[in-house]
Amino acid sequence: MESVYSQVMKFKRKYPRTVTHHRLKKHSRIVEQHLNPGEVVNYVFAAQKNATPGDFFETCVVAITNERMLIGQKRVMFGYFLNSITPEMYNDMQVRSSLFWGSVTIDTVKEMVDLSNIDKRALPEIETAVTSFMMEAKKKYGKDDSQ
C-alpha cells in the first residue's frame, strides 16, 4: 500500500498552486496512525482547513478511504487534530472557484468543514472523489438499514 505522504506529494506535484507548507509528512502520519485494520486509502489531497483564503497556516491532509474521510493536522508544538467523516454523517458538499484558488465546504450532521486555498484545477477531481465515495457508501448503509 502506498503511503499517505507519497499520495499527497503526487497531488502536490500535479496541482502545485495548492497552498501548503512543509509539514505534510507530519499531517500524513496523523492520518496513517488512525487507519483501521483493513482500511485502504483511495485518494489524498492537501488544503487549508479554514474558510479564510488569506490564512495559509492551517494546512491539513485529507484522505478518502474505503470506510470514511479523515482530515489530519499536526499541531506545531504538541498534539494534533483529526476529523473523521463517515458516510452516515455526510450531508452535502459545496465547491467554489475563484481567480487563483478554490475551496470545498463539506456539510456534515454536526459541523461544516471548510477546506480552502486549493488549486482550482484540482476541484473537479476532488469533487468526483468525495461524491463518488459517499454515494457508493450511502447505498451500502441504506441496504444495511433495511435488512
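**Close-up 1. Residue classes around the largest pocket of this predicted model.** By class, 5 polar, 4 charged and 3 nonpolar residues make up the lining.

**Close-up 2. Thr-65 and its surroundings.** Here we look at a residue of strand β2, which spans residues 59–65. Thr-65 has a relative accessible area of 0%, so this residue is buried. Its side chain makes a polar contact of 2.7 Å with the side chain of Glu-39. Leaving aside residues up to four places away in sequence, Thr-65 touches Glu-39 along with Leu-35, Val-40, Val-41, Asn-42, Leu-70 and Phe-133.

**Close-up 3. Phe-11 and Tyr-15, an aromatic pair.** The structure holds 4 aromatic pairs. In the one shown here, the rings of Phe-11 and Tyr-15 are tilted, at 5.2 Å centre to centre with 50 degrees between the planes. Phe-11 and Tyr-15 are both buried. Look out for Tyr-43 and Phe-45 as well: ring pairs link these two with Phe-11 and Tyr-15 into a cluster.

**Close-up 4. Phe-100 and Trp-101, a tilted pair.** The ring centres of Phe-100 and Trp-101 lie 6.1 Å apart. Their planes meet at 55 degrees, so the pair counts as tilted. Phe-100 is exposed, with a relative accessible area of 54%, while Trp-101 is partly exposed at 25% relative accessibility.

Note on methods
Residues are numbered from 1 along each chain as its sequence is written. This is a predicted model: local features need pLDDT of at least 70, side-chain atom pairs count only at pLDDT 80 or more; totals for chains, interfaces and linings use all residues. Side-chain values use heavy atoms; hydrogens and water are left out. Helices (H or I, at least four residues) and strands (E, at least two) are DSSP runs, numbered from the N terminus. Buried means under 20% relative accessible area, exposed over 50%, partly exposed in between (1.4 Å probe, protein chains only). A polar contact is a pair of N or O atoms within 3.5 Å; within protein, one must be able to donate a hydrogen and the other to accept it, and residues adjacent in sequence count only if both atoms are side-chain atoms. Contact means heavy atoms within 4.5 Å. Ala, Val, Leu, Ile, Met, Phe, Trp, Tyr, Cys and Pro count as nonpolar, Asp, Glu, Lys and Arg as charged, and the others, Gly among them, as polar. Rings of Phe, Tyr and Trp (its six-membered ring) pair if their centres lie within 6.5 Å; planes under 30 degrees apart count as stacked, over 60 as edge-to-face and the rest as tilted.
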